[in-house]
Amino acid sequence: AMLDPERGLSLTIARVVQRLQGSSLHSQLERQARVSLHKPEIKLESLKEDIKDFLKTSGWEKKLQNAVYSELNVFPMPCHPAAPPEHIKEPLAYMRKAQGSWEKRILKSLNSMCTELNIPLAQKRPVNEQKELLNKWNEMGTDEPDLSLFRPVYAPKDFLEVLMNLRNPNYENGEQPSFKNHLGLIQVPLKVKDIPELKEDFSELGLNIGQLGIDDSAQVPPEFFENEHVHVGQKVLAEQDSAAAQQYVRQGCPTALRADLWALILNISNQPEDILYYEQLKSNVIQHDLLVDSLIYKDVKLTASNDDYYFVFEDYLYQVLLCFSRDTSVLEHFAYSSATPPKSYIQGKLGMEEYAVFYPPNVNYNSFILSVAPLCFLYHEPSKLYQIFREMYVRFFFRLHSISSHPSGIVSLCLLFETLLQTHLPQLFYHLREIGAQPLRISFKWMVRAFSGYLATDQLLLLWDRILGYNSLEILAVLAAAVFAFRAVNLMEVTSLAAAEAVLADLSTLKVMPLLQIFLFATVT
């Protein structure tokens with residue numbers, strides 16, 4: 001149910017106020033206001049205005065604005081007050097049901113692994129093990145435990161099968177008029193954008209606008225744009241304004257400013273209490289042994305050690321992912337995610353809430369590793385790296401692993417990708433479909449991993465600049481379609497799925513921005 005704008009606004013304000021009231025920013029603001037009372041420029045007769053002015057000039061007002069902006073970016077628009085909470089999670093009942101059964105399947109797989117290997121989901125580590133882990137916290141990669149019995153909980157292709165089987169029960173016999181021409185693997189009717197709408201949304205990527213990541217723009221000499229862009233970027237950082245930073249990165253981030261700009265957009269400042277929080281998570285890792293620890297270990301070994309770019313970050317990857325698996329603040333995002341966190345209990349304490357351990361609902365750590373690894377190029381301080389990853393996860397990446405109708409959710413991205421190809425490259429689309437090489441079978445893994453592990457790192461970071469800039473993952477589907485368009489001539493000649501995969505096996509030489517520009521702004525619509 002839609003709300004009238006005024007009612008919606010007052011609900012939004014009430015929710016933001018409620019969320020900020022318990023925050024450390026709230027207590028810092030109160031403390032600053034009290035301190036200001038002793039300043040000579042604060043007069044009793046104009047107390048309220050004077051304190052407001054003080055908070056403005058001392059930079060606290062900006063901090064409050066960024067916190068509000070961050071809330072608005074993460075949480076969905078308020079529903080009708082009468083809407084049940086599950087509608088906030090996901091409005092479509094059949095999507096909720098599908099996500100529920102997918103979670104059950106994952107949990108069942110975890111539980112059966114516990115039974116087979118005869119190990120609990122969670123147990124306390126013996127003291128000597130705790131000491132040992134603490135001593136080698138910064139070099140966990142040197143360990144070589146035998147993990148041959150542990151298996152990944154699921155692979156991307158299992159997840160794709162689930163998405164392919166989704167159906168809207170209201171259209172049992174496929175009589176849905178507008179959709180029956182869709183010949184892709186995804187068979188649910190969600191509204192996705194066409195190229196004119198995407199052009200409007202991504203207007204800053206236009207051909208006559210300066211971009212980082214485009215070497216030979218006819219309009220603007222790249223070095224002239226770059227110098228000017230760096231200058232503007234420094235100003236944006238000096239202003240400390242999240243909204244301005246988000247607008248700025250749509251044209252790309254200069255390498256030297258990227259870490260600070262991303263942190264500003266995500267409103268991460270690495271305060272003492274954040275560092276303390278990270279240390280608490282670390283001590284939880286040291287005290288408790290979870291089944292997922294072994295899965296994380298195995299995935300990091302498989303992923304990082306086989307990747308020339310990422311293997312140097314192996315120790316960081318363990319630290320971030322082990323802490324992430326203990327972080328209950330991540331649970332907040334389940335209020336607006338279609339997922340529900342599964343719960344298990346420390347061995348022997350079944351049903352006692354204080355011994356409950358929430359399992360991160362997605363145990364596909366392989367994709368997690370690939371979403372942490374690129375961040376290691378930007379952040380070298382573990383607690384900051386951790387916070388940036390957690391914020392990227394609750395804003396964006398969780399949508400790639402759960403079934404929902406959200407425009408940035410993986411189902412919509414798959415549908416957007418297929419629709420763009422079918423509409424703008426119909427010959428290629430039909431050809432691949434005829435030979436049994438449905439394009440989504442190839443591009444799904446790119447999108448689910450936000451292209452990490454496929455593109456060269458500098459190109460990946462330019463792509464992620466735009467995810468942050470537009471607060472949307474739709475660009476992943478556009479890029480996936482653009483890659484097919486770019487390799488269309490070769491793909492028209494293949495006669496099997498294996499051959500099509502071979503043409504698209506190596507994306508490491510691709511330049512992201514020219515591909516996106518050509519596909520969006522030079523395609524005849």
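This is a predicted model: local features need pLDDT of at least 70, side-chain atom pairs count only at pLDDT 80 or more; totals for chains, interfaces and linings use all residues.
Colleague: Let's start with the whole chain. What makes up its secondary structure, and how much of it is buried?

Modeller: The chain has 25 helices and 4 strands. Of its 525 residues, 53% are buried, and that word is used for a relative accessible area under 20%.

Colleague: Which part of the accessible surface belongs to carbon and sulfur atoms?

Modeller: Those atoms hold 55% of an accessible surface of about 24600 Å².

Colleague: Why is Ile13 called partly exposed?

Modeller: Its relative accessibility is 49%. Exposed needs over 50% and buried needs under 20%, so Ile13 falls in between and counts as partly exposed.

Colleague: What makes Ile13 part of a surface patch?

Modeller: Patch members need over 30% relative accessible area, and nonpolar side chains are joined within 5 Å. Ile13, at 49%, passes the accessibility cut-off. Together with Leu9 and Val17, Ile13 makes a nonpolar patch of about 270 Å². Ile13 itself sits in helix α1, residues 5-21.

Colleague: Why do Lys52 and Glu49 count as a salt bridge?

Modeller: The cut-off is a side-chain nitrogen of Lys or Arg within 4 Å of a carboxyl oxygen of Asp or Glu. Their N to O distance is given as 4.0 Å, and the pair is listed as a salt bridge. Lys52 and Glu49 are 3 residues apart in helix α3, which means about one helical turn separates them. Lys52, at 47% relative accessibility, is partly exposed, and Glu49, at 44%, is partly exposed as well.

Colleague: How do you know that Glu204 and Arg250 form a salt bridge?

Modeller: Their closest N and O atoms are 3.0 Å apart, and the limit is 4 Å, so the pair qualifies. Glu204 lies in the loop between α9 and α10 and Arg250 in the loop between α11 and α12, so the bridge ties together parts that are 46 residues apart in sequence. Both Glu204 and Arg250 are buried.

Colleague: Why is the phi of Gln240 worth a remark?

Modeller: Most residues other than glycine have a negative phi. Gln240 is not a glycine, yet its phi is positive, near 55°. Gln240 is in the loop between α10 and α11, and its relative accessible area of 39% makes it partly exposed.

Colleague: Where is Asn267, and what is its phi?

Modeller: Asn267 is in the loop between α12 and α13. Its phi is positive, about 60°, although Asn267 is not a glycine. At 31% relative accessibility, Asn267 counts as partly exposed.

Technical notes
Residues are numbered from 1 along each chain as its sequence is written. Side-chain values use heavy atoms; hydrogens and water are left out. Patches are made of residues with over 30% relative accessible area and no salt bridge: like charges are joined within 9 Å, nonpolar side chains (Val, Leu, Ile, Met, Phe, Trp, Tyr) within 5 Å. Accessible areas come from the Shrake-Rupley method with a 1.4 Å probe; for residues, only the protein chains shown count as cover. Helices (H or I, at least four residues) and strands (E, at least two) are DSSP runs, numbered from the N terminus. Buried means under 20% relative accessible area, exposed over 50%, partly exposed in between (1.4 Å probe, protein chains only).
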